[in-house]
Amino acid sequence: MKKKLLIVIASILVVFFAALILLPLFFEAKIATLLKENVNKQIEGEFDFDQASLSLIASFPKAKLSLEGSHLIAPEPFVGDTLFYAGALSLEMAISELFKGLDDTITIENITVDRARLNLKVNADDSTNYDIASNTPGKNESQEESTPFSFSLKTYAIKDSEIAYHSSPSKIDLKIFLEDHKGSGDLSLDNSKLDTQTKGLLSFELDSVAYLKDIPFELKALIGMDLKQNRYQLLENQALLMNLALVFEGEVLVNEDHQEIDIRFDAPAADFKDFIAIMPEAIVQDMDRVNASGKLAVSGTIKGISSEESIPGFDVQLKTENATVQYADLPRTIDNIVLDVGLVNSSGKVSGTRLEIKQSSFAIAQDQFQLKGTISDIMGDKQVGMEAQTRMDLARLGEAYPLPAEMNLSGKLNADFRASFTVKALEAQEYNRIKMDGAIDLRDFVYNNPELNAPLILKNLKVKLDNDRTIIQEGNGTVGQSDFQLSGSLQHLAGYALGKQDLQGSLNLRSDTFLVSDFMGPEEPNVQETTPDSTAALKIPTDLDLEFNTVAGKIVYNDLELKDFKGKIRVQNGAIDFDEVTTGFFEGQLALKGSLNTLTEQPEFAVTLDMESLQIQKAFEAMELLQVVAPVAGALKGKFSSQVELAGKLTNSYTPELATLTGAVLAEILTADVQSGELPVLTELNSSFDFFDTNKLDLRGLKTALAFENGKVRVKPFNIKYDDILIKVAGGHGFDRSLDYQLTLDVPAKYLGKEVQGMVAALEEDDLKELSIPVQIGLGGTHTSPRISSDLSSGVKSLTNNLLELQKQKLINKGSDQAKSLIGGLLGKKSDSADLDKGDNTLDNVLKDLTTQPQDSLGKDSLKKESNPLEEKATGLLKNLLKGKKKDTSKTGSKQSN
C-alpha cells in the first residue's frame with residue numbers, strides 16, 4: 001500500500017515538474033504576442049522585443065515572462081528615435097493567469113527593469129517624442145474594458161538605467177542615472193502606501209551651463225495613494241543631494257486634464273559647505289581642498305495647476321549667513337560671502353520665471369566685489385538688469401582662489417557698470433533697447449598664458465561702456481619684446497558674451513616692434529615625435545567681425561623683417577582679409593592684398609603681392625617659396641620687382657602646401673650679378689662650353705612670366721643676351737627641383753674657330769660676321785644634379801645651308817662682275833660689222849658662261865655630291881663648340897631629338 005502511495009506521489013511530482021517545464025512552451029508565445037499587440041494598439045509608435053521566454057521554475061510559485069531587447073520607437077516627427085530600450089524586462093504573475101482566455105484580463109504583480117534608457121525630447125516647435133498615446137478614432141474605444149492586462153503590483157525595481165530629458169525651447173538637459181530604484185506596495189487596493197528607495201546620479205544643464213554634473217543623490221519616499229480619487233500624498237520624504245538634505249511634504253491630485261500640486265520643501269540642517277559641494281566645477285574647484293563654514297537656508301513651495309496651458313507657481317529661496325571659503329594650501333580666505341537668491345514664478349506661465357539676485361558679494365582682505373540684478377523670463381527671452389562694482393588687487397585673488405599656477409595674475413582693477421537689455425533686443429540689434437553705462441580701469445595687469453611665449457602686460461587700459469558700444473579710450477602694453485597701443489570701439493559685447501551676437505569693432509593698433517614669436521606658444525619638448533599636421537589647424541572664430549587699422553615700425557616673423565608696416569586687417573567669418581597693406585621688405589617695398597580662410601577642413605589662402613626693388617639674395621635666403629618657384633635666384637645678387645598672384649592650401653602649421661599652389665608671377669630683374677658657383681646647373685653650363693661664361697650674363701631689365709600648378713612651374717619663353725649671343729629660354733621646373741628647360745643659343749660663326757674660316761676663306765669678313773648657328777641645349781635632372789644635353793642636328797643643317805648659300809652668292813657675284821667688265825669693253829671701242837658679229841658671239845658666250853657656270857658648279861648633281869662632306873664638316877665644327885665631354889652629351893642630345 002505504501003509502495004503504491006509513493007508511486008502515485010512520484011507520478012504526481014513527475015507530472016508537476018513536467019508541467020512546469022512544458023507549460024511555458026505553450027503559453028510564452030501567447031502572453032508575449034498578447035503583450036506586444038496590446039501595447040501597439042494604444043500607442044502611435046512601435047513596441048517590440050528581440051526575444052521572449054516564460055519560466056515557471058525559477059520564479060515558482062509565480063510565472064515570469066522575460067523580454068530581452070525591449071524597445072519602443074517614437075512616431076513622427078521622431079521616426080527612428082528610440083524612446084525606450086531595456087536590456088531586460090520581466091513581468092511576474094500568478095500561474096493561474098496563464099490559463100485565462102483571450103478575453104480575460106491578465107494581472108501583473110511584479111515588474112523588473114534592467115539596463116534601460118528612457119530618452120525624452122522636446123523639439124524647437126514644442127513637439128514631444130513621448131506624446132505617444134494613440135489618437136486614431138476608435139482605436140482606444142472601451143480601452144479599459146478591452147485591455148487584456150491589469151496591474152496589481154506588489155513590488156517593482158529599476159536597475160542601472162537612465163532617464164534623459166532634452167528640451168530645445170528651454171535649453172534644458174537633465175539626466176538621472178538610477179543605480180537602484182525599488183518600490184513596494186499593493187496597488188490593487190484603493191488606499192495604500194508605496195514605499196520607494198532610490199540611489200543614483202544627477203546631472204543638469206541650462207543653456208549649456210552645467211549646474212550639476214554626476215551628483216550622487218538618494219531619495220526615500222513614502223507615498224500615500226488614493227487610487228479611487230487619484231490623490232497622492234508625500235508622507236515621509238527626504239532627498240539627499242550629495243550631503244545636502246531636503247525634506248518634502250504635500251500632495252498631488254491627478255485629474256483628467258490637469259494636476260493640482262501643493263508641495264513644500266526646506267533644508268532644516270544645511271551648512272554652506274553642503275551647498276558649495278554641489279556647485280559647478282567651473283566655480284568651485286578641487287572640493288577636497290576646500291574648507292567652508294557658515295549657514296545655509298533653503299526653502300521653497302510648488303503650488304498650482306499643471307496642464308498643457310499652465311505650470312504651477314513656485315518660489316525657491318537660498319540665503320547664506322557668515323559664509324567663508326578657504327583653500328587648504330592658499331594663504332587668504334574668501335570672507336563675507338553673501339548670497340540672497342530667489343527663483344520665482346507666480347504667473348502660471350513658463351515665461352514668468354525670474355531669477356532674483358538680491359545680493360551677491362564677497363571680500364578678500366580689503367578687496368570687495370558686489371553684484372545685484374534680475375533676469376526675467378529666464379527660460380525664454382531673458383530680460384537682464386544688473387549692476388556690479390569691484391575694487392580689487394588681482395594678485396590677492398590668486399592668493400585666495402586656485403588660479404592656474406603659471407597664470408601669475410596681478411594688477412589693479414576698478415570697475416563700476418550697469419546693464420539693462422533683452423536677448424531679443426540683442427539679436428534684433430535694437431540698440432535703443434540696450435542700456436549700458438560704466439567704466440573699467442585696469443592698471444599694471446600681468447597675465448601669463450601658456451599659449452604665449454611671454455606674459456601679457458597691460459600698463460593701462462581704460463574702457464567706457466556706452467549702451468551697445470564699448471569704447472577703448474586708452475590701452476598700451478607689451479608681450480615679450482613686442483609693444484602695442486590700442487584704441488577704438490567694440491559693439492555687441494554683451495550679446496557676444498551671451499553667445500547671441502558676433503563681436504564687431506574697429507580698432508587702431510600701433511606698435512614700434514612686433515615679434516610674432518612673442519604671441520605663439522612654446523615649442524613642444526618632443527618635436528621630433530610630431531609632424532606639423534599632427535594637430536588640427538587653428539580655427540579663427542566665426543563670431544568675430546573686427547577691423548584693425550595697423551601701423552608698425554617693425555614686424556618680425558621667423559627670419560622675415562617687415563618695416564614701416566601699414567594696412568587694414570579684418571577678421572570676419574572665420575577668415576582674415578588683408579587690404580591696403582604696404583611694408584618695407586628686403587630693402588624694397590611690398591604691397592599685399594588677400595585672404596586666409598580657416599573654415600575649410602584645411603586652411604586656404606589667396607594673395608596678390610606687388611614687390612618693388614627687393615634684394616634678390618636676402619629674399620631668396622628667407623623665403624622658402626621663392627626657393628621653390630625661382631631657384632635660379634639663389635645665384636643672383638641684385639634687385640628685382642615682381643607681381644605675384646598666389647592661391648592654395650596651408651598645412652596645419654600655416655605653411656603653404658606646395659602641391660596645391662596655383663598662380664602666376666611676373667618678375668623683372670632690375671640689377672643682377674650672376675654667381676654661377678652658387679648653383680650647380682650654372683656651373684655645369686660653364687664647364688660645357690668654351691665660349692660661354694654665365695658669370696658674365698647681363699640680366700638687367702629681364703622680364704619673365706611664370707605660371708604654376710600641380711607642382712610644376714612653367715616659364716613663358718623669353719630671350720637674354722650674352723655678348724652677341726642670343727639665348728632663347730623655354731620650359732620649366734618642378735617644386736621637387738626637377739629641371740625641364742630648353743635653351744637655344746644663336747652662336748656667331750666667329751666662335752667656330754680657324755677651320756670654319758678656312759672653309760669660307762673666299763668670303764668677305766663682313767659676311768663672316770653675319771653668320772650664326774642655332775645650338776639646342778637641354779637642361780634636365782635637378783638643380784643640385786643637373787644633366788646637360790645638346791641637339792646639333794638643327795645647327796648642322798643651318799651651318800650647311802648658310803655655307804652653301806654664301807658660296808653660291810659669292811660665285812654669282814663674281815660672274816656678274818666679269819660680265820660687266822666685258823660688256824663695258826665692248827661698248828667702249830669701235831668695230832666693223834665683222835667685229836660686231838664677233839662681239840655678238842663673244843657676248844653670247846660670256847652670258848652663257850655666266851648663266852651656266854653656277855648651274856654646272858652648284859647644280860643639283862654637284863650640290864648632292866658635295867652636301868655630305870660639307871655637312872660632315874659642319875658637324876665637326878659644331879662639336880668643337882663643346883669642351884672635352886661635349887662629344888658624349890651631343891650624342892645624348894641627338895638621341896633625344898630623334
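**Entry 1: Y327.** I began with Y327 in this predicted model, and I noted that Y327 counts as buried, because its relative accessibility is 2% and buried means under 20% relative accessible area.

**Entry 2: aromatic pairs.** I then searched the whole structure for aromatic pairs, and the search gave nine of them. I looked up the pair formed by Y327 and Y401, whose ring centres are 6.1 Å apart and whose planes stand at 85 degrees, so I wrote this pair down as edge-to-face, given that planes over 60 degrees apart count as such.

**Entry 3: a charge over a ring.** I turned to K36 and found that it lies over the face of F49, at 5.6 Å from the ring centre.

**Entry 4: Q501.** I located Q501 in the loop between α6 (493–497) and β24 (503–515), and I recorded Q501 as buried because its relative accessible area is 8%. Which residues is Q501 in contact with, once its neighbours within four places in sequence are left aside? I listed L426, E427, Q429, H492, G495 and Y496. For Q429, I also looked up the spacing from Q501, and the two are 72 residues apart in sequence but 8.9 Å apart in space, taken from C-alpha to C-alpha.

Note on methods: Residues are numbered from 1 along each chain as its sequence is written. This is a predicted model: local features need pLDDT of at least 70, side-chain atom pairs count only at pLDDT 80 or more; totals for chains, interfaces and linings use all residues. Side-chain values use heavy atoms; hydrogens and water are left out. Rings of Phe, Tyr and Trp (its six-membered ring) pair if their centres lie within 6.5 Å; planes under 30 degrees apart count as stacked, over 60 as edge-to-face and the rest as tilted. Buried means under 20% relative accessible area, exposed over 50%, partly exposed in between (1.4 Å probe, protein chains only). A charge sits over a ring if NZ of Lys or CZ of Arg is within 6 Å of the ring centre and within 35 degrees of the ring normal. Helices (H or I, at least four residues) and strands (E, at least two) are DSSP runs, numbered from the N terminus. Contact means heavy atoms within 4.5 Å.
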